[in-house]
Amino acid sequence: MNKRFAPLYATLGLFILTVITFFTLNGRVFPNLELMPVILVYLAIDVLLFATLIWGLFTKDRIIKIYTLLATIGLMIPLSIWIFLLLLANGISEA
């Protein structure tokens with residue numbers, strides 16, 4: 001494993017983790033699951049994606065910076081929208 005590609009590998013790993021959590025943290029797999037632990041898991045993944053973005057932007061290779069920026073932003077925006085929708089659903093269900 002080349003050290004300069006580490007931010008890209010971390011972004012790929014977080015993408016795979018996000019897909020796995022998206023398909024496993026639902027009502028079919030866990031019938032009595034509340035929304036707040038799911039929101040916290042997605043929020044932790046979002047924070048890790050932000051850390052990976054910062055890590056990738058501090059590398060010296062320009063191509064790695066561009067790919068890390070595009071991949072991380074491309075993952076963070078839909079995940080942040082999903083977190084917002086889960087928070088909205090949690091607020092509606094609590095009322």
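1. Start with the buried side of helix H3: Ile64, Thr68, Thr72, Leu75, Met76, Leu79, Ile83, Leu86 and Asn90 are buried there (buried is under 20% relative accessible area, exposed over 50%, partly exposed in between, with a 1.4 Å probe and protein chains only). They pack against helix H1 (6–24) and helix H2 (35–57), where contact means heavy atoms within 4.5 Å.

2. A word on what you're looking at: this is a predicted model, where local features need pLDDT of at least 70, side-chain atom pairs count only at pLDDT 80 or more, and totals for chains, interfaces and linings use all residues. Residues are numbered from 1 along each chain as its sequence is written, and side-chain values use heavy atoms, leaving out hydrogens and water.

3. H3 itself covers residues 62–94, 33 residues in all, and spans 47 Å from first C-alpha to last, close to the expected 48 Å (1.5 Å times one less than the number of residues). Helices here are DSSP runs of H or I with at least four residues, numbered from the N terminus.

4. Over in H2 sits Thr52, buried at 5% relative accessibility. Leaving aside residues up to four places away in sequence, Thr52 touches Pro7, Ala10, Thr11, Leu14 and Thr68.

5. The salt bridge count is 1 (a side-chain nitrogen of Lys or Arg within 4 Å of a carboxyl oxygen of Asp or Glu). Asp61 pairs with Arg4, closest N and O atoms 3.7 Å apart. Asp61 is in the loop between H2 and H3 and Arg4 in the segment before H1, so the pair ties together parts 57 residues apart in sequence. Asp61 is partly exposed at 26%, and Arg4 is partly exposed at 45%.

Conventions: Helices (H or I, at least four residues) and strands (E, at least two) are DSSP runs, numbered from the N terminus.
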